[in-house]
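Please look over the sequence and the model shown here before reading on. The paragraphs that follow go through the structure part by part.

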Amino acid sequence: MAQRIPYESHLNAAQLDAVTYYGSPLLVLAGAGSGKTRVITYKIAYLINEMSIDPKNILAVTFTNKASEEMKQRVDALLGEKVEVWIRTFHSTAARVLRIMGDAFGIQPRFTIIDQQDQKMILRKIMKEMNLDQDTYKPEKYAALIDRAKDRLLSAEEAESERFSTDPLFFDIYREYQRRLSHENLFDFGDLIFRFCRGLDSNGDALNSVKQRFRYILVDEFQDTNHAQYELIKKLTFPDGNIYVVGDEDQSIYGFRGAVVENIMNFSKEYAYTKIIKLEENYRSFQTILSASSHLIDKNSGRFGKTLFTRKGKGEKIVFFRAASDRGEARFIADRILNLRYNEGYGFADIAVFYRMNAQSRVFESVFSEMGIPYSIVGGFRFYEREEIKDILAYVRLLVNPYDEVSLRRIANKPIRGIGEKTVDALVRSTIECGRPFFHIDNGLEVSLARKKKVESFVESMVKLKEIVDSTYPPEFIRTLFETSGYLDYLKGTGNEERIRNIDELYNAVEEFSKQNPSAPISEFVEEVSLNQNNSDERFKQERTYLITLHNAKGLEFPVVFIAGMEEGIFPHYLAGEQVSELQEERRLCYVGMTRAMEKLYLTAARVRKLYGTSVERGVSKFLLELPQELIVFSEEEPEQRFFSGFTGPSFRRYRFSSGSGSLKQRKIPERSSARPSEISDLKASSRVVHPQFGRGTVVEISGEVAVIRFDDGKKMMFMLNYTPLRKDEE
DNA sequence: CCAATAAGTGTTTTT
DNA sequence: CACTTATTGG
């Protein structure tokens, strides 16, 4: 047994309070960087070590797999051993319980979990059969509506009587969708929570046994819970109230996915005698970054309000750069990164670039490879969403659940074996629709003899695989699957190297999985994958700059952060609409992004951005204007001339670097006739200058490469001379 | 039934 | 631009 954990010396007063508090519900309001995860992990340790609570009776719920992974590791490290505490995401908790207790809830425990792609496919099919024009009624829209209904614990019938939607078609689509899922024994993400809740409602004994098991429940990122998740928690913790939730209303960024901020705001009304503890000391960011972000979030209403403070130094001002184009923006960021790396002692991995939407990552990828910056995209194109990976997994899923029509359709003709859509239709009609697994093939199959032969040989090979699927060591099984299915040869035939590599990658993943879980069947691997949508190329993460969406950035921190695309329409995103609540969510997203930065924060924008084929000119994000201007250094690249539409030629400005480091030399920096730096080199206090956007002003102060200028309209701003097209005023 | 080609289209964030 | 869907010809 390890020696006692010195809670007092590892935690500040508020944290210690939160960790040791016992006896009634606890709400910890944890500001950004205030040690939230620390509190949860120490609390788990405390419950086990000091309160002598059996680890089996503790459930800690998170939202992302990443968070639960990290928490698991930290708890194990703290306690010095692998602990039996359940630390899982909401969805994986639900999936696990449903598999174990399915029978008590009237659920076939071998259900298959489908992702949004599958969901969309099913809806598309349904809508086609209903003869709905897919242009006016988009499957994505209905998918989202169905998700939202499930978040609110509404079945199709309940949604209808509650007038959940004004679109009468929706209820029919939802009903039919659900009918299919249950017929094929498929669960979407929403079902996992929904069915768990319903199961507990319908079976009091089951409810009691689950409550008995999970007597102490901790919830991380509580501000992100939706209605269904909150109800689930309530069912499990009423009336004993051994519930500890941690969250920050200012970091609620999943409203679009059904999260309800009110859950955290009203928590203490739902649970009597709730103890509220605020964590307000920020251990992450320099003063300037913290002040600027606090100032921004102050614009939001309906908050508890916190006063974050840090003992760190002031730090540097936030740099804002407005490039002429999206490529110019990427080039600026790349320049800064090289500078940080080679002149300022930062590693590539100390730096992250955040953006609002995945589509923005492309420019960075291209510019970064040109300039030799190693990068790694977190959660963009997802490994397990790739076609070839989904195909292989579909084979396994079909073997595990032979009613799974989605998977059947996916792989029936991959590799091409002469089983086209019509033939699959017939196959489905004669089996799955009649309530039989698809392996069961008889005379009911109405196709030509030649087709029938092909189907039979396909089914035969699947039956062979099915016989060994549960008993074979997963990596070995996958190998057999590659061979018998002919999939690997099929891929080799297409000559797509990358896909073949991905298949190898999948094999490695299975091997790794089996090493970690020696006795687990392959179906468990599929389960893990289904729930872990986000696993991209994180294995290779050493010494690479990160490219991440703002949503994915939550919970992370970096010494240097760039937030790109600070433009109206991008961030805040134009689809976020006019509503105050939506704008507030965008603002929180900005707050989350800014508070990830420890030492340096850069905000960048592009005047003209090429997105989805066309170039559009955009103004600067309103969030930028909401920040305290005295904490920001502004600079702007001279606008590009556009000769004709679509042409955005090279627009290299003269970026100055103080180093002659090797890898910098290869970068080509074309000269341009108007060399600004020299023009402004003799600036001094009281010089008169002209800025192309802000007009005439007087230099108040110059220090290094930064000049403070008071414009004639009274506005005071700071500029980086290297990047700003300032001219001397000749008047 | 299949592959190649043309046309069209819709653009956030994710468990 | 990138992706899906419809059409065509084999």
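What share of the 731 residues of chain A count as buried? The share is 55%, where buried means under 20% relative accessible area, exposed means over 50%, and partly exposed is in between, with a 1.4 Å probe and protein chains only. This is a predicted model, in which local features need pLDDT of at least 70 and side-chain atom pairs count only at pLDDT 80 or more, while totals for chains, interfaces and linings use all residues; side-chain values use heavy atoms, with hydrogens and water left out. Residues are numbered from 1 along each chain as its sequence is written, and chains are lettered from A and ligands numbered from 1 in the order in which they are written.

Chain A has 30 helices and 23 strands. Helices (H or I, at least four residues) and strands (E, at least two) are DSSP runs, numbered from the N terminus. Among the contacts in chain A with a separation of 6 or more, 75% are between residues 24 or more positions apart; contact means heavy atoms within 4.5 Å.

Now to a sheet. Six strands make up an open sheet with parallel pairing, in the order E3-E2-E6-E7-E1-E8. Two strands pair if DSSP finds at least two bridges between them. Strand E3 (86–89) and strand E8 (275–279) are at the edges with a single partner strand each, so one side of each has no neighbour in the sheet. On average, neighbouring strands of this sheet are turned by 15 degrees against each other, direction ignored. Axes are lines fitted to C-alpha atoms, for helices over the stretch in contact, and angles run from 0 to 180 degrees between N-to-C directions. Strands of a sheet pair through backbone hydrogen bonds, either parallel or antiparallel.

Leu59 is opposite Trp86 in E3. Helix H4 (residues 65–79) lies across E2 and E3, at about 165 degrees to E3. Helix H5 (residues 90–105) lies across E2, E3 and strand E6 (216–219), at about 110 degrees to E3.

Helix H15 (residues 287–297) gives an example of burial. Its buried residues are Thr288, Ile289, Leu290, Ala292, Ser293, Leu296 and Ile297. The elements that cover the buried residues of H15 include strand E9 (281–282), strand E10 (309–310), strand E11 (318–325), H27, strand E16 (597–611) and helix H28 (622–626).

Which residues are closest to DNA strand B? They are Arg356, Asn358, Ile416, Thr423 and Tyr612, out of 29 residues that surround DNA strand B. A residue is near a molecule or strand if one of its heavy atoms lies within 4 Å of it. The surface near DNA strand B divides into nine nonpolar, 13 polar and seven charged residues; Ala, Val, Leu, Ile, Met, Phe, Trp, Tyr, Cys and Pro count as nonpolar, Asp, Glu, Lys and Arg as charged, and the others, Gly among them, as polar. Helix H20 (421–430) and helix H26 (550–553) each supply at least two residues of this surface. On the DNA side, 65% of the atoms of DNA strand B within 4 Å of the protein belong to sugar or phosphate, and the rest to bases.

Some polar contacts can be named; a polar contact is a pair of N or O atoms within 3.5 Å, and within protein, one must be able to donate a hydrogen and the other to accept it, with residues adjacent in sequence counting only if both atoms are side-chain atoms. Phe63 uses a polar backbone atom, 2.9 Å from a sugar or linking oxygen of DNA strand B.

DNA strand C has Arg124, Arg362 and Gly613 around it. A polar side-chain atom of Arg124 lies 2.4 Å from a phosphate oxygen of DNA strand C, and a side-chain N or O atom of Arg362 is 3.4 Å from a phosphate oxygen of DNA strand C.

Some backbone details remain. The peptide bond from Phe238 to Pro239 is cis, with omega near -5 degrees. Pro239 lies in the loop between helix H12 (227–237) and strand E7 (243–247).
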